[in-house]
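User: Hi, I have a protein model open and I'd like to go through it with you. Can we start with how the strands pair up?

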Amino acid sequence: RARVAVLEAPALAPARAISSAPAPATGSLEATVLFELRGALRGLGAEELARVCGAPAARVDAALEVLAGRGAVVRRGHRWCMA
């Protein structure tokens, strides 16, 4: 017969509720774009990001290129996703 030791597991810390943090009120457009992409499971298109961020499409495209250069986001088809 095999012997089995029964160990008590330490008590787990209570789970914290995930709060929906507001979008960055001030700061760069890059920070706002990252915030929106983190919340999008399947990514967002540049036009969707422009609408959600309330910024011109040209500025959003420039922000996406900067973030892609840093390796923070990647383009998958027509959508942008977190890297």
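Predicted model: local features only at pLDDT ≥ 70, side-chain atom pairs only at ≥ 80, totals over all residues.

User: Which residue in β3 is the bridge partner of Gly45?

Analyst: Gly45 has Arg79 as its bridge partner in β3.

User: And how many bridges join β2 to β3?

Analyst: There are 4 bridges between β2, residues 73-76, and β3. These two strands run antiparallel. Arg79 turns up here too: Arg76 stands opposite Arg79 in β3.

User: So what order do the strands take in the sheet?

Analyst: The order is β1-β3-β2. The 3 strands form an open sheet with antiparallel pairing. β1 (44-45) and β2 are the edge strands, and each pairs on one side only.

User: What sits between the strands in the hairpin of β2 and β3?

Analyst: That hairpin has 2 residues between its strands. Gly77 takes a positive phi there, near 70°.

User: Where else is there a glycine with a positive phi of about 70°?

Analyst: Look just after α2. Gly54 takes a positive phi of about 70° there.

User: Let's zoom out. How many helices and strands are there?

Analyst: The protein has 3 helices and 3 strands. Along the sequence the pattern reads α-β-α-α-β-β.

User: What share of the residues counts as buried?

Analyst: Of the 83 residues, 25% count as buried.

User: How many residues are in the largest nonpolar core?

Analyst: The largest nonpolar core has 17 residues. Those with the most contacts inside it are Leu29, Val33, Leu37, Leu49, Val60 and Leu64. The helices α1 (29-39), α2 (46-53) and α3 (57-70) each supply at least two residues of this core.

User: Take Leu64. What is it in contact with, apart from its neighbours within four places in sequence?

Analyst: Leu64 is then in contact with Val33, Leu37, Ala46, Leu49, Val73 and Trp80.

User: Which residues of α1 are buried?

Analyst: In α1 the buried residues are Leu29, Thr32, Val33, Leu34 and Leu37. Their cover includes β1, α2, α3, β2 and β3.

User: How does α1 run relative to β3?

Analyst: α1 runs at about 85° to β3. The helix lies across β1, β2 and β3.

User: Now α2. Which of its residues are buried?

Analyst: Ala46, Leu49, Ala50 and Cys53 are the buried residues of α2. Seen down the axis of α2, they fall within an arc of 100°, so they line one face of the helix.

User: Why would residues three or four places apart point the same way?

Analyst: An α-helix has 3.6 residues a turn, so residues three or four places apart point the same way.

User: OK. What covers the buried residues of α2?

Analyst: The cover includes α1, β1, α3 and β3.

User: And which exposed residues are on the face of α2 turned away from its buried side?

Analyst: That face carries Glu47 and Arg51. Glu47 has a relative accessible area of 52%. The cut-off for exposed is over 50%, so Glu47 counts as exposed.

User: How far is Glu47 from His78 in space?

Analyst: Their C-alpha atoms are 9.8 Å apart. In sequence, Glu47 and His78 are 31 residues apart.

User: Switching topic. How many salt bridges does the structure hold?

Analyst: The structure holds 1 salt bridge. It joins the side chains of Arg79 and Glu48, at 3.6 Å from N to O. Arg79 lies in strand β3 (residues 79-82) and Glu48 in helix α2, so the pair ties together parts that are 31 residues apart in sequence.

User: How accessible are Arg79 and Glu48?

Analyst: Arg79 has 28% relative accessibility and counts as partly exposed. Glu48 has 22% and also counts as partly exposed.

User: Last one: where is Asp61?

Analyst: Asp61 lies in helix α3. At 37% relative accessibility, Asp61 counts as partly exposed. Its C-alpha atom is separated by 9.2 Å from that of Leu49, which is 12 residues away along the chain.

Technical notes:
Residues numbered from 1 in each chain as written. Heavy atoms only, no water. Core = buried A, V, L, I, M, F, W, Y, C linked by side-chain atoms within 4.5 Å. Buried < 20%, exposed > 50% of the residue type's maximum accessible area, 1.4 Å probe, protein only. Contact = heavy atoms within 4.5 Å. Salt bridge = Lys/Arg side-chain N within 4 Å of Asp/Glu carboxyl O. Pairing = 2+ DSSP bridges. Axes fitted to C-alpha atoms, helices over the stretch in contact; angles between N-to-C directions. Arc of directions from axis to C-beta.
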